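Thank you all for coming. I would like to walk you through one structure this morning, and I will take it part by part for those who have not seen it before.

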Amino acid sequence: MEESNFISSYNDPILITGSNGFIGHKVVETLLSYGFKNLRCFVRSSKNISSLKQVIAPFDKARVEIFEGNLLSAEDCKKATKHVRVLFHLAAGTEKSFAGCYMNSVVTTKNLLESILRNKTFKRFVNVSSITVYSNKNLNRNKLLDEECEIDSNIIGRGEAYSWGKIMQDQMVIDYNKKFNIPYVIVRPGVVYGPGKKRILGLVGIDTFGFFIHIGGSNIFPLTYIENCAEAIVLAGIKKGIEGEVFNIVDDELPTCRSFLKMYKKSVGNFFSIYMPYCFFYFFCYLWEKYSKWSNGQIPPVFNRHVCAIGYKGTRYTNQKLKNLLDWKPKVSFNQASKKYFDYVKNGDN
Amino acid sequence: MLKIGIIGCGRVADQHVTEILKIRNCEIVGVCDKEILMAKQLQERINVGRYFSDVDKLFELKPDIIHITTPPQSHFELGKRCLESGSSILVEKPFTLNVSEAKQLIEIAEKLDLKVTVGHNIQFSNAANRLRNIIKSGYLGGTPVHIESLWCHEHSNDYINDKNHWIRFLPGKIVHDLISHGVAIIAEFMNCDNPKVVAHGHVSPILRNMNEESMVDEIRVHIYDNDNVTAHYIFSSQIRPIIKQFRIFGPKKSLIMDHEHQTVIEFTSNYKYYLNHFIPPLIDAKQHLGNFINNIVKFMKREHYYEAGRKYLIECFYRSVADNTPVPIPYKQIVLTHKIIDDIFNQIY
Ligand SMILES: NC(=O)c1ccc[n+]([C@@H]2O[C@H](COP(=O)([O-])OP(=O)(O)OC[C@H]3O[C@@H](n4cnc5c(N)ncnc54)[C@H](OP(=O)(O)O)[C@@H]3O)[C@@H](O)[C@H]2O)c1
């Protein structure tokens, strides 16, 4: 790779938060394989970081510092961002509670942004968001969801703490850019899959009631294989001339939910599932939503019409902007990726 | 209208606020967190009151009651400041870090004619309330002979992955945040001041495999009050399925309550010879069916939900403050709970 196309040199310090996470450790590996030699990997605890260590091991010439801390500590953030040129921010709150998601997605982001305010050599904040922040309310069925689509304004009503946290996180980054000129790029991956993650069937259907209800049908499943996704994130962090841009990340050759489920069952093992057409599920969500409201939250409003539309209305996705501005193309084809993934789900790490 | 304040706007505050918003004749006037963003996000979501990062600003609103939902290390200091500023307090469990702090807070409250309680919500679940009523009616046939409380737990990544998590710095580490539910219910029915406590603790293989050898997560305790009532407390992160059970044995009859299933079952009497193998299982089946129907009916009446105990406790406490009636958890019980907890941790660490 030509260093002159990048905003930072191979020796510039780069910070990766969430570096021990599912995507984070692959981002570290990709950076190392691109030739970056000065990485600081932020981890909450250095006790269980075997997958991170494994990806670092082959690159013994690189200087990789494992920085143990918590992004909720302003002090830790200050130390971790010292002299850093590029920051890949992957740490996030992924739990069910609103407060928990806010804390680990937004407060952490604010602490990082505050800590780089006085860093004169800082070049880019790569904010890893999610494709779930969009609303498809004003999109007809099977219309294209791209970077121009509106962000969900009724996210609390949707009842998804994680996506709400991500929206507030993006907003924080944009606000700091407006106020303090901190350069940023936002990336929004679709459903990331690959070894290390067993359950990804959320947009295909639900298994809340002890068996699998398949709802996705002929909808496109917005997948991105972990290696392809990590490369897109890395390119978003180092390419010149893309300040303030937003990139959605999905692979080529996206399968439909139905075909993915079929492949999954064939490769991993059969299980019972029934198909529920969108209109039926929509009606079920309507009833659930009403009961939840009437009963004062006796059942949580996890199924509601808004969630139903976002998840299963049927939307098409594009990676054109990634290709045009970052020269990215998925290195691992869907055939190879799905085979590796299904092998992992079936046999584990061995 | 009672004026309510919240200090600490994390996950537990979310649970409190959800229930407070269902209660009549009270309004949240302000929420406060030392991280102003946390206070702001809560205030914006519930869209009532104001938000602050400075507790003194909250005190200026003169709340009648303040919920303290911060990590336990700050409960005592914050509790004291709230009381001194004129508010009664509902403190999330564990009430304080030790019994001496618990006694001091209660003393301050009594001196200032204010009230305190602790967030032992599980003690007021539908099943727990039913159990209490049965016992009150004299069902056991005298004072309890023996009590057993079993509390199983599954470790969460929260504190396992975070070496600076506040839980790790509590005197009883991981267990300290959870132990009071199972101990408080023993304290409720033991009815004594100074029982002896013999505790044994060890590290489970689950934690050992995670290289966490300094945190005890298997605890067995024997509690006895001279020649009177005895109790066993078991905390386990290994036993599966997750069981949270309370058993109370009386001189005539005995009861078993399952927190997880929200059932209360009476131990069936014995019958003669082979009848003993056929009749009691039938009676037990009838009891389980009764519990099923009871839970379903409560569900239909919108009274059966996970946090029902929290709402009940908060409502009772608010009433006790508004009407100056007794608090839902007697102070003696709070002190006894913490005395037992102190004794356990002094022995296992
Ligand atoms: N996976 C997907 O399908 C997907 C899709 C779209 C977007 N994303 C985004 O991609 C990013 C990475 O996702 P992932 O799947 O790799 O998640 P993950 O495996 O859960 O990793 C998240 C990491 O963040 C760390 N973290 C959380 N709170 C922290 C704190 N207060 N201080 C320090 N570290 C903290 C966690 O540390 P511990 O290991 O200590 O818990 C974990 O390593 C996230 O921002 C996520 O929103 C993911």
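Let me begin in chain A, where strand β10, residues 212-214, pairs with β13 in the parallel sense over 3 bridges. Please keep in mind throughout that what we are looking at is a predicted model. Within this pairing, A:H214 stands opposite A:Y275, which belongs to β13 of chain A. The two strands are part of an open sheet of 3 strands in chain A, which runs in the order β9-β10-β13 and has mixed pairing. The edges are taken by β9 (205-206) and β13 (273-275) of chain A, each of which has a single partner strand, so one side of each is left without a neighbour in the sheet.

Let me turn now to the ligand. Which chains contribute residues to its surroundings? Residues from both chain A and chain B surround the ligand, and the site is therefore shared between chains. There are 25 residues around the ligand, and those that come nearest are A:F22, A:I23, A:N70, A:Y162 and A:K166.

A polar backbone atom of A:I23 is 2.8 Å from an oxygen atom of the ligand, while an N or O atom in the side chain of A:K166 is 2.7 Å from a ligand oxygen atom. From the other chain, B:N161 places a polar side-chain atom 3.0 Å from an oxygen atom of the ligand. Taken alone, the ligand exposes 890 Å², and the protein buries 87% of that area. As for the elements involved, those that give two or more residues to the shell around the ligand are α4 (98-115) and α6 (161-180), both of chain A.

Moving on to chain B, the domain assignment gives domain 1, covering 2-119, and domain 2, covering 123-308 + 337-348. Taken over C-alpha atoms, the centres of domain 1 and domain 2 of chain B are separated by 28 Å. The contact between them takes 16 residues from domain 1 of chain B and 14 residues from domain 2 of chain B.

I will finish with some details of the backbone in chain B. Most peptide bonds are trans, and most residues other than glycine have a negative phi. The peptide bond from B:K93 to B:P94, however, is cis, with omega near -10 degrees, and B:P94 is found in the loop between β5 (88-91) and α5 (99-111) of chain B. The bond from B:R240 to B:P241 is also cis, with omega near 0 degrees, and B:P241 is found in the loop between β10 (230-236) and β11 (244-249) of chain B. Lastly, B:N47, a residue other than glycine, has a positive phi, near 60 degrees, and its place is in the loop between α2 (36-46) and β3 (50-52) of chain B.

Conventions. Residues numbered from 1 in each chain as written. Chains lettered and ligands numbered in written order. Predicted model: local features only at pLDDT ≥ 70, side-chain atom pairs only at ≥ 80, totals over all residues. Heavy atoms only, no water. Near = heavy atom within 4 Å. Polar contact = N/O pair within 3.5 Å; in protein donor to acceptor, adjacent residues only side chain to side chain. Areas by Shrake-Rupley, 256 points an atom, 1.4 Å probe, with all protein chains shown as cover. Helix = DSSP H or I, 4+ residues; strand = E, 2+ residues; numbered from the N terminus. Pairing = 2+ DSSP bridges. Domains from an automatic or database assignment. Contact = heavy atoms within 4.5 Å.
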